[in-house]
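Here's a quick tour of a fold, meant to be read with the model open beside you. Take a look, then run through the points below.

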Amino acid sequence: MGRQNRPILFWLYNTGMSIRILASEVASQIAAGEVVERPASVVKELVENALDAGAQRINITVEEAGRRLIEVADDGSGIPAKELPLAVERHATSKVSSAEDLIHITTLGFRGEALASIGSVARLSLTTRVQDSAEGAHLRVEGGRMGELQPVGAPVGTLVRVEELFYNVPARLKFLKSDTTERRQIDSLVTRYALAFPRVRFQLRQDGRLSLQTSGDGDRRAVLAALYGVDTARQMLEVLAEDDNLHIGGFISPVALTRSNRREILFFINRRPVQDPSLTAALVQAYHTMLMVGRYPLAMLFLDMPPEAVDVNVHPTKAEVRFRDTSRMFAAVQRAVRRALLAHTPVPEWKATSAFPVTGEGFGSGDETTRSAPTIPHPAAPSPYPPPTMQPSQPLPGTPPPILRLVGQVASAYLVAEGPDGLYLIDQHAAHERVLFERMLAQREAVQGKPLPGQTLLEPATVELPPAAARALEDQLPLLGSLGFQVEVFGPGTFLVRAIPALLAGMDATGALRVLVEDFEEDETPLQAEVEARLIARVCKRAAVKAGRTLAPDEQRALLDDLQVCRSPRTCPHGRPTMIHLSVDLLERQFGRRGAR
Ligand code: ADP
Ligand code: MG
């Protein structure tokens with residue numbers, strides 16, 4: 001666009017009233033804006049085309065985060081030479097022919113827009129051959145202008161090359177995020193399709209590096225392992241439910257495996273990845289009280305239904321859908337997830353008839369399992385004791401607690417301490433997290449920009465990470481180095497940890513590295529200091545003494561003392577309370593010594 005269109009805009013602004021039809025080139029660029037927002041959208045459209053063409057293998061090559069090159073090669077049906085020029089025209093599709101067809105869409109594409117859009121904002125070329133033809137065909141489109149159709153030798157299938165994306169739309173280029181972000185978007189996009197189509201062999205290379213590879217043998221759990229690592233894949237619970245002509249399958253995480261955001265909650269409707277807040281809510285609700293506030297499960301759920309039950313034509317990029325019967329979908333997802341969770345949940349420790357009042361009865365109610373509400377013996381499960389609310393004198397988080405005297409430890413998880421104003425229960429894990437966090441920050445200040453001291457491991461630890469996580473980690477290597485970690489890239493997705501921060505000596509290095517990347521927020525570019533504090537908070541959480549460890553009396557005392565000299569002793573770095581105060585006043589009321597019972 002650029003130069004030759006500027007006069008038109010100028011003229012429009014000046015006359016105000018005049019309306020004119022846009023030059024077709026400009027019109028296509030505007031339309032392209034809806035479909036081709038960023039490099040990952042190009043990958044999405046090309047991969048969908050390959051899948052629609054029945055490809056068994058799809059090889060994707062990306063250079064410079066897709067700005068320089070996106071190439072998708074498939075072994076699908078190919079495009080007959082004489083139809084090739086049509087394929088790159090707007091509203092040209094082989095997938096629907098009438099409005100009626102739109103109701104029964106079984107292909108991923110149907111709008112006939114993608115190739116035309118891509119061709120108007122990049123240098124596009126297609127090489128393709130169908131089975132029945134001895135010869136292939138080649139066609140180039142640049143800035144919306146089609147070149148000559150040329151005969152070439154080519155294997156059956158299609159090779160699409162997209163070079164210099166947005167070369168003629170500088171405004172778009174400016175809006176692209178960092179290469180890291182764009183690369184990650186591509187990784188996660190291909191990931192989704194690989195999950196949805198386990199029978200297709202996917203290979204993704206970014207800048208010469210193998211980012212993702214699946215075998216195409218149909219085993220979804222194997223795809224999961226390729227994507228999220230063997231550990232995570234092994235832990236995921238299987239979901240399987242059939243209801244009339246709605247089939248729900250896939251995987252969800254057990255309650256112990258969570259993330260700090262909803263990004264790993266993936267839904268596929270008839271194998272199309274979609275975002276649907278209502279289905280996400282159904283899933284999260286199914287976990288009910290089993291998750292801690294602010295934690296979310298991982299899930300990949302595949303809903304298959306007759307095409308009439310869902311309208312996929314509500315969004316230009318088809319990222320959202322509309323169901324005929326939303327509440328039925330909601331209920332079905334919730335039921336399927338609950339059933340899977342119940343089936344895999346360890347035997348409850350307490351019967352509902354026990355002396356403990358069991359709260360949170362919602363779990364397992366509402367469907368066939370109304371019997372009793374099991375209390376899930378898991379740290380994320382809520383306490384069966386009613387929380388000591390009614391504390392009008394709750395102090396502000398910043399105020400230091402009074403000097404406390406250690407009484408002891410209960411349940412290998414809490415310190416009990418006494419203050420002038422009552423009893424304090426201190427969560428040993430949260431408290432230790434706070435202590436380590438402040439120490440590390442203090443040390444960081446003290447060394448003034450120099451790296452924190454590290455402790456070399458006797459034997460370096462190897463950590464394997466899925467592509468997206470590996471990238472996230474690589475980006476953070478310099479920062480990790482400054483925190484006392486010594487981590488090296490060992491191979492694709494493999495890292496070697498040679499040293500960990502001396503302050504955290506003894507912690508398991510592999511786990512530390514994993515938590516560093518597990519929820520790395522991708523789209524924000526917060527201040528470096530913030531990233532740092534977050535990383536520190538995360539490793540400290542990992543390093544902190546866990547609930548369930550019995551502490552020797554001097555360890556208990558040391559922890560309590562350390563906590564009391566913290567600047568913010570009342571919360572852990574993630575904002576959860578480190579201590580609960582049971583005031584004398586409260587105790588007296590509870591025991592009926594004072595006031596009404
Ligand atoms: P849509 O996918 O919505 O039909 P596109 O612009 O993406 O629109 O593609 C236009 C047409 O080009 C498709 O309908 C299909 O016939 C053909 N086509 C595109 N990519 C491929 C491919 N990889 N293999 C076979 N045919 C393809
Ligand atoms: Mg398409």
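This is a predicted model: local features need pLDDT of at least 70, side-chain atom pairs count only at pLDDT 80 or more; totals for chains, interfaces and linings use all residues.

The protein has 17 helices and 25 strands, and 47% of its 597 residues are buried. Take the contacts between residues at least 6 apart in sequence: 69% of them join residues at least 24 apart.

**Nonpolar cores**
- The largest nonpolar core has 60 residues, and I60, F202 and M300 have the most contacts inside it.
- If you centre the view on I60 and ignore residues up to four places away in sequence, you'll find that I60 touches V43, V47, E71, V72, V190, F202, Q203, L204 and R205.
- There's also a second, separate core of 38 residues, with V96, L279, M290 and V337 among its members.

**Helix α10**
- Helix α10 spans residues 277–287, and its buried residues are L279, T280, A282, L283, A286 and Y287.
- Look down the axis of α10 and those buried residues fall within an arc of 155°, so they line one face of the helix.
- The cover over the buried residues of α10 includes the strands β11 (246–252), β13 (265–269), β15 (296–297), β16 (299–304) and β18 (322–323), along with the helix α11 (326–344).

**The second largest pocket**
- The second largest pocket holds about 660 Å³ of space.
- It is lined by 32 residues, of which N49, A87, S94, K95 and L115 are the closest to its centre.
- By type, the lining of this pocket splits into 16 nonpolar, eight polar and eight charged residues.
- Elements that each supply at least two lining residues are α3 (39–52), β2 (69–74), α4 (84–87), α5 (114–121) and β7 (157–163).
- Of the lining, α3 gives the largest share, with five residues.

**Two loop residues with positive phi**
- Most residues other than glycine have a negative phi, which makes the next two worth a click.
- E64 isn't a glycine, yet its phi is positive, at about 50°.
- You'll find E64 in the loop between β1 (57–63) and β2, where E64 is partly exposed with a relative accessible area of 41%.
- D207 is another non-glycine residue with a positive phi, near 50°.

- S125 sits in strand β3 (residues 123–129) and counts as buried, at 4% relative accessibility.
- Leaving out residues up to four places away in sequence, S125 touches H138, L139, R140, L159, V160 and R161.
- V487 belongs to strand β23 (residues 486–491) and is buried too, at 14% relative accessibility.
- Beyond its neighbours within four places in sequence, V487 is in contact with L477, F495, L496, V497 and L513.
- For V487 and V497, ten residues apart along the chain, the C-alpha atoms are separated by 4.5 Å.

Notes. Residues are numbered from 1 along each chain as its sequence is written. Chains are lettered from A and ligands numbered from 1 in the order in which they are written. Side-chain values use heavy atoms; hydrogens and water are left out. A nonpolar core is a set of buried Ala, Val, Leu, Ile, Met, Phe, Trp, Tyr and Cys residues joined through side-chain atoms within 4.5 Å. Buried means under 20% relative accessible area, exposed over 50%, partly exposed in between (1.4 Å probe, protein chains only). Contact means heavy atoms within 4.5 Å. On a 1 Å grid over the protein atoms alone, a cavity is a set of points where a 1.4 Å probe fits but cannot get out, and a pocket is an open set with protein on both sides within 12 Å along at least five of seven lines; lining residues have an atom within 4 Å of a point. Grid points are joined across faces, edges and corners, and a volume is the space filled by probe spheres set on the points. Helices (H or I, at least four residues) and strands (E, at least two) are DSSP runs, numbered from the N terminus. Ala, Val, Leu, Ile, Met, Phe, Trp, Tyr, Cys and Pro count as nonpolar, Asp, Glu, Lys and Arg as charged, and the others, Gly among them, as polar. The arc is that of the directions from the helix axis to the C-beta atoms.
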